[in-house]
Amino acid sequence: MDLYRTLIGYVFSTAEKDESTSGTSNKTETTTPHKTDLYGEIPSNKWPIIYASDYNIGFLGLEKLHPFDAGKWGRVHTFLKEAGMVKDDTTVKPREASEKDLMVVHSKEYISSLKWSVNVASITEVPPVALLPNFIVQRKVLRPFRYQTGGTIMAGKLAMERGWSLNIGGGFHHCCSEKGGGFCAYADITLAIKFLFERVQGVSKAMIIDLDAHQGNGHERDFIDDDRVYILDVYNRGIYPHDGYAKRKYIYSYRYLQNIRGIYPHDGYAKRAIKKKVELRHFTEDDEYLELVSRNIDSALGEFEPDIVIYNAGTDILQGDPLGNLSITEKGIIERDKIVFEKVRSRNIPILMVTSGGYQRSTARIIADSVLNLRKLKLIGCDEAELANTQSKGWLGYFLG
Ligand SMILES: [Zn+2]
């Protein structure tokens with residue numbers, strides 16, 4: 001039956017993708033891409049910044065059981081609005097990624113597995129989620145993730161059109177096509193890249209610059225033998241997934257117990273996909289970190305010329321982060337983002353930034369300050385949206401005298 005459907009689909013060149021296809025490795029590049037809502041036209045008077053309140057997770061206080069600040073995306077947007085940079089109507093509203101969108105990367109089996117609340121509880125690391133009816137879990141937990149995933153996919157096309165884009169969410173770098181984990185239910189980075197490869201002419205090579213404190217084992221598994229994708233990953237080697245860490249300490253850790261339960265695979269395997277690997281020690285500080293980031297981006301861009309860079313800008317490198325275990329200051333994070341944008345944009349390579357991990361209340365302010373800094377330095381901009389700001393200020397000025 002599946003073969004029959006595939007043949008029929010091929011003969012009549014329908015706009016639908018064969019639903020029976022499972023996993024990324026089985027995809028046939030010759031099929032016509034399915035119809036999607038995620039690649040529509042975006043008016044040029046909007047910033048290439050994507051956000052909607054649908055991103056935020058919050059119900060019954062359960063989100064407080066996870067150290068993740070589940071409202072940080074909304075606060076980043078509020079700070080950008082308060083600074084007079086964006087407004088609701090100059091921000092791009094994301095669409096929710098549909099099942100067909102997700103199946104560009106995910107298998108039907110994986111998507112079906114999320115219909116069991118116990119599996120979502122494992123992925124989000126919030127055990128009580130297992131006790132909730134799945135329709136609530138879908139609406140309150142997975143739907144926000146699907147909006148953020150739709151946002152990252154949309155940001156891929158926007159980056160190609162505008163030279164840069166920012167999704168104030170996404171960056172689920174622990175999820176691969178077949179498995180979620182570490183608060184990541186959908187592989188948004190892999191999806192954004194596969195959408196671009198399938199749908200945007202001139203995009204055949206991508207670079208992922210993953211500067212979250214953790215190793216990006218999700219996208220790494222997805223692109224393990226794919227020469228079209230170059231991965232630079234700078235991460236703390238002493239935290240998940242623990243390769244190179246003193247074994248005895250690890251054996252008694254909570255993460256090790258999770259590995260035994262199969263929630264967190266011990267993921268040395270994924271490292272094979274990293275073309276440039278920079279492993280940090282606990283409590284690495286600004287000077288050493290920024291020098292390593294700067295030097296390795298130069299070196300990566302010397303080895304590989306991508307058509308787009310996906311920048312996973314996790315802020316869990318911040319000092320005091322209980323999971324990241326690094327000692328980077330707020331100034332260091334702002335400087336890091338500046339270095340990445342300078343190096344990529346000076347080479348005329350489009351860049352898409354996602355916000356990824358960052359587990360302290362202070363991180364929303366830092367992300368917003370960093371975006372405002374990029375704008376001040378003219379590393380990002382949107383003339384038409386700025387014009388709309390000036391005009392509305394002029395109007396207000398008229399009334400205020
Ligand atoms: Zn992280």
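**Terms and their grounds**

Reply: In this predicted model, the buried residues of H5 are Ser117, Asn119, Val120, Ser122, Ile123 and Thr124.

Me: Why is helix H5 called mostly covered?
Reply: H5 spans residues 117-124, and six of its eight residues are buried. The cover over them includes helix H4 (108-113) and H6.

Me: How many residues of the whole chain are buried?
Reply: Of the 401 residues, 45% are buried. The chain has 14 helices and seven strands.

Me: What makes a group of residues the nonpolar core here?
Reply: Membership takes a buried residue of a nonpolar type, joined to others through C-beta atoms within 7 Å. The largest such set has 102 residues, and Ala185, Ala192, Ile209, Ile310, Tyr311, Ile351 and Leu352 have the most contacts inside it. Helix H6 (residues 134-162) gives the largest share of this core, 10 residues. In soluble globular proteins, nonpolar side chains tend to be buried together.

Me: Which residues does Ala192 contact, leaving aside its neighbours within four places in sequence?
Reply: Thr152, Ile153, Ala155, Gly156, Ile310 and Leu352. The cut-off for a contact is C-beta atoms within 7 Å, so each of these has its C-beta atom within that distance of the one in Ala192.

Me: Why are H11 and H12 called roughly parallel?
Reply: The axes of helix H11 (residues 286-303) and helix H12 (residues 330-345) cross at roughly 15° and come within 10 Å. Angles under 35 degrees count as roughly parallel, and H11 and H12 are therefore roughly parallel to each other. Their crossing is right-handed. By class, the contact has seven nonpolar, two polar and five charged residues.

Me: Which residues of H11 and H12 meet?
Reply: Among them are Tyr289, Leu290 and Val293 in H11, and Arg336, Ile339 and Val340 in H12.

Me: What describes the packing of H6 and helix H7 (residues 188-199)?
Reply: The angle is about 35° and the axes are 8 Å apart. The crossing is right-handed. Residues in this contact include Thr152, Ile153, Ala155 and Gly156 of H6 and Ala192 of H7. By class, there are seven nonpolar, four polar and one charged residues in the contact.

How values were computed: Residues numbered from 1 in each chain as written. Predicted model: local features only at pLDDT ≥ 70, side-chain atom pairs only at ≥ 80, totals over all residues. Helix = DSSP H or I, 4+ residues; strand = E, 2+ residues; numbered from the N terminus. Buried ≥ 20, exposed ≤ 12 C-beta atoms within 10 Å, placed from the backbone. Contact = placed C-beta atoms within 7 Å. Axes fitted to C-alpha atoms, helices over the stretch in contact; angles between N-to-C directions. Parallel < 35°, antiparallel > 145°, perpendicular 65-115°, else oblique. Left-handed = near helix turned anticlockwise from the far one by under 90°. Nonpolar A, V, L, I, M, F, W, Y, C, P; charged D, E, K, R; others polar.
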